[in-house]
Amino acid sequence: MKNIGNAMRAQRLLSNKTLLQVEKDTGISNASISRWETGKVIPNVEDCIILAEYYGVTLDELLNQDI
């Protein structure tokens, strides 16, 4: 099983965004995003949808990237 956090981090880096930029643009705290990316917490579906739309990818693409 792929690590969701690693996939989310990879997408953020591919988009050349910092945690602070994502927070500013989406309203999702950078602390939450950091916890998701490090695997400490699993994000809820609503926040995943927001991030997928923000990055311009499908939900599947956001969570299932080859790492």
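Leu 51 is found in helix α4. In this predicted model, Leu 51 has a relative accessible area of 2% and is therefore buried. Leaving out residues up to four places away in sequence, the side of the fold that Leu 51 touches comprises Met 8, Val 22, Thr 26, Ile 28, Trp 36 and Leu 62. Arg 35 lies 16 residues from Leu 51 along the chain, and the C-alpha atoms of the two are separated by 15 Å.

## Overall architecture

The protein contains 5 helices and 0 strands. Read from the N terminus, the order of elements is α-α-α-α-α. The C-alpha trace spans about 30 × 25 × 20 Å along the principal axes. For 67 residues, a compact globule would have a radius of gyration near 11 Å, and the 10 Å of the protein agrees with this.

Of the 67 residues, 33% are buried. Among contacts with a separation of 6 or more, 57% are made by residues 24 or more positions apart. The accessible surface comes to about 4300 Å², and carbon and sulfur atoms account for 52% of that surface.

Which residues does Asp 47 contact once its neighbours within four places in sequence are set aside? They are Ile 28 and Trp 36.

Asp 47 is buried but has no salt bridge. The nearest side chain of opposite charge belongs to Arg 35, at a distance of 9.1 Å.

With a relative accessible area of 37%, Ile 49 is partly exposed. The C-alpha atoms of Ile 49 and Gly 39 are separated by 18 Å, at 10 residues apart along the chain.

## Helix α5

Leu 62 has its place in helix α5, residues 59-63. Is Leu 62 buried or exposed? At 0% relative accessibility, Leu 62 counts as buried. Not counting residues up to four places away in sequence, Leu 62 touches Ala 7, Met 8, Gln 11, Cys 48, Leu 51, Ala 52, Tyr 55 and Val 57. Leu 62 and Arg 9 are 53 residues apart in sequence, while their C-alpha atoms are 9.3 Å apart in space.

## Charged side chains

The protein has 7 positive and 9 negative side chains, and the centres of these two sets lie 10 Å apart. Side chains of opposite charge can pair when their charged atoms come close. How many salt bridges does the structure hold? The structure holds 1 salt bridge. Its partners are Glu 37 and Arg 12, whose closest N and O atoms are 2.7 Å apart. This pair links distant parts of the chain, with Glu 37 in helix α3 (residues 30-37) and Arg 12 in helix α1 (residues 4-14), 25 residues apart. Glu 37 counts as buried, at 8% relative accessibility, and Arg 12 counts as buried at 8% as well.

## Loops

Asn 16 lies in the loop between α1 and α2, the latter covering residues 19-26. Most residues other than glycine have a negative phi, and most peptide bonds are trans. Phi of Asn 16 is near 55 degrees, a positive value in a residue other than glycine. Asn 16 counts as exposed, at 66% relative accessibility.

Lys 40 has its place in the loop between α3 and α4. A relative accessible area of 68% makes Lys 40 exposed. Gly 5 is 35 residues from Lys 40 along the chain, and the C-alpha atoms of the two are separated by 8.7 Å.

## Accessibility of selected residues

The table collects relative accessible areas for residues discussed above.

| Residue | Relative accessible area | Class |
|---|---|---|
| Leu 62 | 0% | buried |
| Leu 51 | 2% | buried |
| Glu 37 | 8% | buried |
| Arg 12 | 8% | buried |
| Ile 49 | 37% | partly exposed |
| Asn 16 | 66% | exposed |
| Lys 40 | 68% | exposed |

Notes: Residues numbered from 1 in each chain as written. Predicted model: local features only at pLDDT ≥ 70, side-chain atom pairs only at ≥ 80, totals over all residues. Heavy atoms only, no water. Helix = DSSP H or I, 4+ residues; strand = E, 2+ residues; numbered from the N terminus. Rg over C-alpha atoms; globule rule 2.2 N^0.38 Å. Buried < 20%, exposed > 50% of the residue type's maximum accessible area, 1.4 Å probe, protein only. Contact = heavy atoms within 4.5 Å. Areas by Shrake-Rupley, 256 points an atom, 1.4 Å probe, with all protein chains shown as cover. Lys, Arg positive; Asp, Glu negative; His and termini not counted. Charge placed at Lys NZ, Arg CZ, Asp CG, Glu CD. Salt bridge = Lys/Arg side-chain N within 4 Å of Asp/Glu carboxyl O.
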